[in-house]
Amino acid sequence: ERAQRIFNQVQEEGKVDARTWGSWILCQVSCGRWEAALGGLDEMLEAAVKPLLVTFNVAMQAALKLGDVERAEQIVEQMVTLGVTPDIKTFTSLVCVAGVA
């Protein structure tokens with residue numbers, strides 16, 4: 001909750017960039033708040049802030065924790081559409097997706 005308050009304050013001040021969003025999403029995943037993490041990614045995209053590679057990878061982990069294979073695949077599609085090049089972590093997550101499907 002403290003992280004949420006800090007994030008909200010920074011957001012109100014108009015200082016939220018890709019790293020700030022990414023940190024908030026990572027915090028949600030670290031706390032097991034998978035839905036909140038995915039919601040954060042959606043909000044980030046709606047705010048026209050391009051996620052960093054690590055943010056996409058963390059969001060994919062959240063989708064996998066929820067067993068949402070379709071969402072994980074959608075995240076990869078968003079990544080590629082925005083010109084973010086997948087890395088070994090992305091491909092490892094895709095292998096996990098294939099194992100879940």
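Start by selecting helix 4, residues 53-65, in this predicted model, and look along its length from one end to the other.

Keep helix 4 selected and colour its buried residues, which are Thr 55, Phe 56, Asn 57, Val 58, Ala 59, Met 60, Ala 62 and Ala 63. Then step just past the end of the helix to Gly 67, where the backbone takes a positive phi of about 75°.

Next, widen the view to the largest nonpolar core, which has 23 residues. Trp 21, Ile 25, Leu 38, Leu 41, Met 44, Phe 56 and Ile 75 are the residues with the most contacts inside this core. Which elements give two or more residues to it? They are helix 2 (18-30), helix 3 (34-46), helix 4 (53-65) and helix 5 (69-81), and of these helix 4 gives the most, with six residues. As a general background to this stop, nonpolar side chains in soluble globular proteins tend to be buried together.

Not counting residues up to four places away in sequence, Leu 41 touches Ile 25, Pro 51, Thr 55, Phe 56, Ala 59, Arg 71, Ile 75 and Gln 78.

From that list, move to Gln 78, which is found in helix 5. Leaving aside neighbours within four places in sequence, Gln 78 is in contact with Leu 41, Leu 45, Phe 56 and Arg 71. If you also mark Arg 5, you can see that Gln 78 and Arg 5, which are 73 residues apart in sequence, are 28 Å apart in space, C-alpha to C-alpha.

Now show helix 2 together with helix 4, which pack with their axes 9 Å apart and at an angle of about 25°. Since angles under 35 degrees count as roughly parallel, helix 2 is therefore roughly parallel to helix 4, and their crossing is left-handed. To see the contact itself, select Ala 18, Gly 22, Ile 25, Leu 26 and Val 29 on helix 2, and Thr 55, Val 58, Gln 61 and Ala 62 on helix 4.

Finish in helix 2 with Gln 28. Is this residue buried or exposed? Gln 28 has a relative accessible area of 3%, so it is buried, the cut-off for that word being under 20%. Apart from neighbours within four places in sequence, Gln 28 is in contact with Gln 4, Arg 33, Ala 36 and Ala 37.

Terms used: Residues are numbered from 1 along each chain as its sequence is written. This is a predicted model: local features need pLDDT of at least 70, side-chain atom pairs count only at pLDDT 80 or more; totals for chains, interfaces and linings use all residues. Side-chain values use heavy atoms; hydrogens and water are left out. A nonpolar core is a set of buried Ala, Val, Leu, Ile, Met, Phe, Trp, Tyr and Cys residues joined through side-chain atoms within 4.5 Å. Buried means under 20% relative accessible area, exposed over 50%, partly exposed in between (1.4 Å probe, protein chains only). Helices (H or I, at least four residues) and strands (E, at least two) are DSSP runs, numbered from the N terminus. Contact means heavy atoms within 4.5 Å. Axes are lines fitted to C-alpha atoms, for helices over the stretch in contact, and angles run from 0 to 180 degrees between N-to-C directions. Angles under 35 degrees count as roughly parallel, over 145 as roughly antiparallel, 65 to 115 as roughly perpendicular and the rest as oblique. A crossing is left-handed if the near helix is turned anticlockwise from the far one by less than a right angle, and right-handed if clockwise.
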